[in-house]
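Here is a briefing on one protein chain and its ligands. Keep the sequence and the 3D view open as you read.

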Amino acid sequence: MLVEATLDFPEEEIDFLEAADARGKLATLRHELSQIQSDARQGALLREGLSVVLAGQPNVGKSSLLNALAGAELAIVTPIAGTTRDKIAQTIQIEGIPLHIVDTAGLRETEDEVERAGIARTWQAIKQADIVLHLLDARIGFTPEDAAIAANLPAGVPMIQLHNKIDLLAESAAVALATEAKAVRTVRLSAKSGAGIVDLRAQLLEIAGWQVGTESVYSARERHLIALRAANRHLLNAAEQAAQNAQALDLFAEELRLAQLQLNTITGEFTPDDLLGEIFSRFCIGK
Ligand SMILES: Nc1nc2c(ncn2[C@@H]2O[C@H](COP(=O)(O)OP(=O)(O)OP(=O)(O)O)[C@@H](O)[C@H]2O)c(=O)[nH]1
Ligand SMILES: [Mg+2]
């Protein structure tokens, strides 16, 4: 609409931007677009889900946690360190979001060839993770081995430190742990009793950026998300043009046209050829 109006009055003397409240309309448009973008991201999240990798030293309870989250005895659990040799994945849903939970071989130095191959796969899974859950035994806490693991986690991937087996902690130790200063996101839980699992689910949702109670969730494909981002960028450019120079209508109109082109790649209502035809016909009327 704004593009059309702009092109309808290419050489008017009046300050078009003022007269048509173009800035106000643009601001509204940008607000609506960012809302759609947010909904669309949630749509993509709902469809694709996130990969959540359980990592940590052997015996800390990774497989037990996978089983607790899945509500089924999927992975073998034993008191023997080095039980899990290969990745085991299970998709669960939290608030309808698919989370692909990946249980992995415990990380440690080992001469066992099979275990070493499993550990290589653990690191591979960690590299592809959207979220890493670094499990510790709450009774032992964060060891130098954990520091080595933490140092090798990919930068920029959200991580939650999980202090597992709190059911085995004495009351006093639990209090001491709770009052420790925490630089990282931490959840205390028990894969055995289920304590703290609700908190873990909430933290996962928070990291996923899930907004509880969102009504309209668009099913956006990645291509649509890219087009929305590009449209947003052009609207921002248009806003900058409008702010800088009220007379630079051609640049303003061009940015709006580019934004519309991006949106048209989603709706398919208007091909670039259609639009060019439309623009030329309008220029002819104006002349
Ligand atoms: N009391 C208690 N025991 C737990 C808890 N979580 C795990 N365990 C026990 O700890 C032992 C190791 O658990 P696993 O789940 O096999 O540990 P893991 O981290 O998968 O170990 P690896 O596969 O060797 O890397 C088992 O005997 C579990 O029953 C917990 O929250 N509380
Ligand atoms: Mg295991």
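The points below go from the whole chain to its ligands and then to single residues.

This is a predicted model. The protein chain has 287 residues, and 42% of them count as buried. Its secondary structure comprises 11 helices and 6 strands.

**The chain as a whole**

- Residues 24 or more positions apart account for 68% of them.
- The chain exposes about 15700 Å². Carbon and sulfur atoms supply 54% of that area.

- Are Ser 63 and Thr 84 buried or exposed? Both are buried.
- For Ser 63, the relative accessibility is 7%. Buried means under 20%, so Ser 63 counts as buried.
- The side chains of Ser 63 and Thr 84 also meet each other, in a polar contact of 2.8 Å.
- Set aside the neighbours of Ser 63 within four places in sequence. Ser 63 is then in contact with Ala 75, Ile 76, Val 77, Thr 84 and Asp 103.

**Ligand 1**

- The backbone takes part around ligand 1. A polar backbone atom of Asn 59 is 2.9 Å from an oxygen atom of the ligand. For a polar backbone atom of Val 60, the distance to a ligand oxygen is 3.3 Å.
- A side chain takes part too. A polar side-chain atom of Asn 164 lies 3.1 Å from a nitrogen atom of ligand 1.
- How much of ligand 1 does the protein cover? On its own, ligand 1 has 650 Å² of accessible area, and the protein covers 90% of it.

**Helix α8**

- Helix α8 spans residues 197-208, which makes 12 residues. From its first C-alpha to its last it reaches 16 Å, close to the 16 Å expected at 1.5 Å a residue.
- Which residues of α8 are buried? They are Ile 197, Leu 200, Gln 203, Leu 204, Leu 205 and Ala 208.
- Gly 209 follows α8. Its phi is positive, near 75°.

- Glu 95 is a residue other than glycine with a positive phi, near 55°. It is placed in the loop between β2 and β3, the latter covering residues 97-103. With a relative accessible area of 48%, Glu 95 is partly exposed.
- Lys 165 is not a glycine either, and its phi is positive, near 70°. Find it in the loop between β5 (159-164) and α7 (171-179).
- Why does Lys 165 count as buried? Its relative accessibility is 17%, and buried means under 20%.

**Thr 186 and Val 184**

- Thr 186 lies in strand β6, which covers residues 186-188. Its relative accessibility is 18%, so it counts as buried.
- Val 184 is in the loop between α7 and β6. Its relative accessible area is 36%, which makes it partly exposed.
- Now leave out neighbours within four places in sequence. Thr 186 is in contact with Ile 160, Gln 161 and His 163. Val 184 touches Met 159 and Gln 161.
- Val 184 and Met 159 are 25 residues apart along the chain. Their C-alpha atoms are separated by 8.1 Å.

How values were computed:
Residues are numbered from 1 along each chain as its sequence is written. Chains are lettered from A and ligands numbered from 1 in the order in which they are written. This is a predicted model: local features need pLDDT of at least 70, side-chain atom pairs count only at pLDDT 80 or more; totals for chains, interfaces and linings use all residues. Side-chain values use heavy atoms; hydrogens and water are left out. Buried means under 20% relative accessible area, exposed over 50%, partly exposed in between (1.4 Å probe, protein chains only). Helices (H or I, at least four residues) and strands (E, at least two) are DSSP runs, numbered from the N terminus. Contact means heavy atoms within 4.5 Å. Accessible areas come from the Shrake-Rupley method with a 1.4 Å probe; for residues, only the protein chains shown count as cover. A polar contact is a pair of N or O atoms within 3.5 Å; within protein, one must be able to donate a hydrogen and the other to accept it, and residues adjacent in sequence count only if both atoms are side-chain atoms. The expected span of a helix is 1.5 Å times one less than its number of residues.
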